[in-house]
Amino acid sequence: MRVRTGASIVAAFVLAVGLSACSVFNTPQTQKPYDSSDGVSVTVGDIRVLNAIVFTDDGENGNFFAAAANSGDSDVDLKLQYQSGGEKVDVVVEVPAGETVYLGGAEGQVFLPGIDALAGSLLAIYFQYGDTPGKQIDVPVLDTALEQYEGLLPTPTPTPTPTVTATPEPSPTP
């Protein structure tokens, strides 16, 4: 009887350890940073770009949407660089020291002309500032089919139409 009781206790212990051992060797997902939305993130020096997405309706022009957090002590001119028709296009955004700037939303869009990327594709963007080595990431290109993305399509800044004024001709004197 004692042998059976002892064997049952040992079997229960082995079963409990065997079933819980997998959690001993796995890091919980809460300990691993990940992008919980549709965008991607990258860290370049003191700048962390979070949830980067490009919105387009025609695949030609885009609105860059992200948050840029500067953990450094000085203001930074963050350069976003991508290819357009074989040429490199640079777009610069200012990120003040110790602040987070929200790009592409209600605070104002970051217009990317000539992205040549349809919704559903990826746009390679290189992020860099000053002498800090940069990083390139593939940023998802989306449209506004989802309700939460309404109002994020690019709207080019209108160029002023030159006003033509006629030069008055001198009136003949009688």
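**View 1. Glycine 104 and the residues it touches.** Not counting residues up to four places away in sequence, glycine 104 touches Asn63, Phe64, Phe65, Gln109, Val110 and Leu152; a contact here means heavy atoms within 4.5 Å. This is a predicted model, where local features need pLDDT of at least 70 and side-chain atom pairs count only at pLDDT 80 or more, while totals for chains, interfaces and linings use all residues. Residues are numbered from 1 along each chain as its sequence is written, and side-chain values use heavy atoms, with hydrogens and water left out. You'll find glycine 104 in the loop between β6 (100-103) and β7. Helices (H or I, at least four residues) and strands (E, at least two) are DSSP runs, numbered from the N terminus. Glycine 104 has a relative accessible area of 2%, so it is buried. The cut-offs are under 20% relative accessible area for buried, over 50% for exposed, and partly exposed in between, with a 1.4 Å probe and protein chains only. Glycine 104 and asparagine 63 are 41 residues apart along the chain, yet their C-alpha atoms are separated by 6.1 Å.

**View 2. Valine 110, in the loop between β6 and β7.** Valine 110 belongs to the loop between β6 and β7. At a relative accessible area of 7%, valine 110 is buried. Leaving aside its neighbours within four places in sequence, valine 110 is in contact with Gly62, Asn63, Phe64, Val91, Val93, Leu103 and Gly104. Take Val91 from that list: the C-alpha atoms of valine 110 and valine 91 are separated by 8.1 Å, with the two residues 19 apart along the chain.

**View 3. Leucine 78 in strand β4.** Look for leucine 78 in strand β4, which covers residues 76-84. Is leucine 78 buried or exposed? Its relative accessibility is 2%, so leucine 78 counts as buried. Once its neighbours within four places in sequence are set aside, leucine 78 is in contact with Ile47, Val49, Val91, Val92, Val93, Val95, Phe127, Gln128 and Tyr129. Leucine 78 and glutamate 94 sit 16 residues apart along the chain, and their C-alpha atoms are separated by 6.1 Å.

**View 4. Glycine 114, between β7 and β8.** Glycine 114 has its place in the loop between β7 and β8. Its relative accessibility is 18%, so glycine 114 counts as buried. Apart from neighbours within four places in sequence, glycine 114 is in contact with Glu60, Asn61, Tyr82, Gln83 and Ser84.

**View 5. A patch of negative charge on the surface.** Which residues gather in this patch of negative charge? They are Asp57, Asp58, Glu60, Asp116 and Asp143. Patches are made of residues with over 30% relative accessible area and no salt bridge, joining like charges within 9 Å and nonpolar side chains (Val, Leu, Ile, Met, Phe, Trp, Tyr) within 5 Å. A salt bridge is a side-chain nitrogen of Lys or Arg within 4 Å of a carboxyl oxygen of Asp or Glu. Aspartate 57 sits in the loop between β2 (47-55) and β3 (62-70). With a relative accessible area of 55%, aspartate 57 is exposed. Aspartate 116 comes from the loop between β7 (111-112) and β8 (122-129), and at 60% relative accessibility it counts as exposed.

**View 6. Two residues with positive phi.** Most residues other than glycine have a negative phi. Aspartate 116 has a positive phi of about 50 degrees, although it is not a glycine. Asparagine 51 isn't a glycine either, and has a positive phi of about 55 degrees. Asparagine 51 is part of strand β2. Its relative accessible area is 24%, so asparagine 51 is partly exposed.

**View 7. A nonpolar patch on the surface.** Val10, Phe13 and Val14 form this patch, and together they have about 320 Å² of accessible area. Accessible areas come from the Shrake-Rupley method with a 1.4 Å probe, and for residues only the protein chains shown count as cover. Valine 10 is found in helix α1, residues 2-25.

**View 8. The protein as a whole.** Zooming out, the secondary structure comes to one helix and nine strands, and along the sequence the pattern reads α-β-β-β-β-β-β-β-β-β. Of the 174 residues in the protein, 30% are buried. The protein exposes about 11,800 Å², with carbon and sulfur atoms supplying 55% of it.

Key. Lys and Arg count as positive and Asp and Glu as negative; His and the chain ends are not counted. The place of a charge is taken as NZ of Lys, CZ of Arg, CG of Asp or CD of Glu.
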